[in-house]
Amino acid sequence: MKDNNQRFASWQSPSNIALVKYWGKKGQQLPANPSISFTLDNALTHTQIEAIQTENQSQVSIDFYFENAKNPAFESKILAYLEIAKSEFNWLANHKLIIYSKNTFPHSSGIASSASAFSALALCLCDLHEQIIGVSLPNFFEKASYWARIGSGSACRSIYGGFNLWGHSNNITNSSDLHAINIDEQIHQNFKTLTDTILIVEKGKKSVSSTQGHALLKEHPFAKLRYELADANTHQLLSILKNGDIKAFIGLVESEALMLHALMMTSPTPFILMKPNTVAVLEKIWEFRNQTDLNLLFTLDAGANVHLISTAEHNEQVQNFVKNELVGYCQNGLYFRNATGQGPKNIKNA
Ligand code: DP6
C-alpha cells in the first residue's frame, strides 16, 4: 500500500493504423485535416508511473526507464512534454515521476510507436491527476486523448478501441481538432474484424521523422489540395464504413497511402521512405488480389514497412500468402499480426 505522498498509475495502450492520413499540422499540434484509424491489439506500450511528492521545483523531475534501462533520448523528449503538460497537471511542480515503459512489439523490430507511448503516458497523467487532486475527471478519456495529441498527433486516436476519427470537419458531429472521437457505432459488420499484418521491410531508424515530414507540408505546393482531398476522403470513408463496401474501401485506403508517400517525394526537400522491398511487396499484393479477388489491401505509415490489411474470413489464405510470398521481403523474415483492438487497459491492479 502506498502512502499519500506516493501515487501510482499503470496503463497499457495500443498503436493504431491510419486509413485516412494525418499529414500536416497547424497551431499547437492541431491537424491540418481530419484522419481515421483503427486501433491495433498487439502493438502495445505498457507504462507505469510512481509520483512522489517533493518540494516545489522550477522544472519537472523524472527518472525514465525504457525496457528497464535509462534512456536519455526518450527522457528529454518526455521532459519537454511534461513541461507543457504542467499547465494542466500543476502537481507536476511538486512531484517527481519515476516512469517505467516497455513495448510488446517483437524484440528488435525497430518499431518505436509514439502513438502507443504517448497515449499510455497521457492516461497515466490523467489517472494520477484524479488521485492527487482527489476528483474524477468528467471526460477522462477525452482529456487523455487531448494530452496524447500534444505528445504525438496520432496518439490521440489510440485512446479508444475500434475506429476513431480525429480532426474537425463540417457535418461530422462532435469532430474536433483537440481530441479524437470513437466512431464504432457507425461501422458495418464487414469492417469489424480487420486484421493488420505488419511486414517489417526495414527496422532501422527512418531518415526523416514524421514530425519533420509534417513540417515540410508548410511549404508544399500541393498542401491545399491535399487537405481538401483528405477532408473529402474522410467523408467518403465514413460512408464506406457505414455501408460495408469493401471494394471502395480498398481503393480509398490504398490511394491515401500512396498519396502520403507522393507528398514526401514532391515536398520542397524531397525524400523517399519506401525501399525497393516496399514496392515489391505492394506489387505482390496487387498481383495476389488480381488472382484471388480476396479482400486484402495495403496501407503505409511514414516508413518502409507495409501494413497488410484483410478481413478475418480470409485469414488462412492471407497468412499462407505472407509465409509463401512476402516473408522474403521482410528484414530477418520479421512480420507480426494484429487484429482490431479494444483500446487501452488500466493494469494497475492486474
Ligand atoms: C503518417 O503522429 O507520428 O502515421 O504528431 O509529429 O508526433 P507527430 O506525428 P505522428 O504522425 C503520424 C503520421 C502518419 C499518419 C497518421 O498516423 O495519421
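The points below begin with the basis of the model and then go through its parts.

1. The model is a predicted one, in which local features need pLDDT of at least 70 and side-chain atom pairs count only at pLDDT 80 or more, whereas totals for chains, interfaces and linings use all residues. Residues are numbered from 1 along each chain as its sequence is written, and side-chain values use heavy atoms, with hydrogens and water left out.

2. Helix α1 (residues 72-85) and helix α3 (residues 140-151) have axes that come within 10 Å and cross at roughly 135°; helices here are DSSP runs of H or I with at least four residues, strands are E runs of at least two, and both are numbered from the N terminus. The axes are lines fitted to C-alpha atoms, for helices over the stretch in contact, and the angles run from 0 to 180 degrees between N-to-C directions. That angle makes α1 oblique to α3, given that under 35 degrees counts as roughly parallel, over 145 as roughly antiparallel, 65 to 115 as roughly perpendicular and the rest as oblique.

3. The crossing of α1 with α3 is right-handed, a term used if the near helix is turned clockwise from the far one by less than a right angle, with left-handed used if it is turned anticlockwise. On the α1 side the contact (heavy atoms within 4.5 Å) is made by Y81, I84 and A85, and on the α3 side by W147, A148, I150 and G151. These residues divide into six nonpolar, one polar and no charged, where Ala, Val, Leu, Ile, Met, Phe, Trp, Tyr, Cys and Pro count as nonpolar, Asp, Glu, Lys and Arg as charged, and the others, Gly among them, as polar.

4. Helix α5 (residues 223-243) packs with helix α6 (residues 246-265) at an angle of about 160°, their axes being 10 Å apart, and the two are therefore roughly antiparallel to each other. Their crossing is left-handed. The contact draws on R226, L229, A230, N233, Q236, L237, I240 and L241 of α5 and on A248, F249, L252, E256, M259 and L263 of α6, a set that divides into ten nonpolar, two polar and two charged residues.

5. Helix α6 also packs with α7, at an angle of about 165° and with axes 14 Å apart, which makes α6 roughly antiparallel to α7. This crossing, too, is left-handed. Here I250, E254 and L258 in α6 meet L282, W286 and R289 in α7, and the contact residues divide into four nonpolar, no polar and two charged.

6. The structure holds 16 aromatic pairs, a pair being rings of Phe, Tyr and Trp (its six-membered ring) with centres within 6.5 Å, called stacked if the planes are under 30 degrees apart, edge-to-face if over 60 and tilted for the rest. The rings of F66 and F74 have centres 5.2 Å apart and planes at 80°, so this pair is edge-to-face. F66 is buried at a relative accessible area of 18%, whereas F74, at 33%, counts as partly exposed; buried means under 20%, exposed over 50% and partly exposed in between, for a 1.4 Å probe and protein chains only.

7. The rings of F89 and W147 have centres 5.6 Å apart and planes at 55°, so the pair is tilted. F89 lies in the loop between α1 and β7 (95-103) and W147 in helix α3, so the pair ties together parts that are 58 residues apart in sequence. Both partners are buried, F89 with a relative accessible area of 0% and W147 with 4%. Elsewhere, ring pairs link W11, F140, F141 and Y160 into a cluster.

8. Which residues are in contact with S310, leaving aside its neighbours within four places in sequence? They are T193, L194, T195, N295, L296 and V318. S310 itself has its place in strand β12 (residues 306-311) and counts as buried at 1% relative accessibility.

9. Two backbone angles deserve a check. Most residues other than glycine have a negative phi. N171, however, has a positive phi near 70°, and D293 has a positive phi near 60°. N171 is in the loop between β8 (163-166) and β9 (180-182) and is exposed, with a relative accessible area of 78%. D293 is found in the loop between α7 (276-292) and β11 (296-300) and counts as exposed at 52% relative accessibility.
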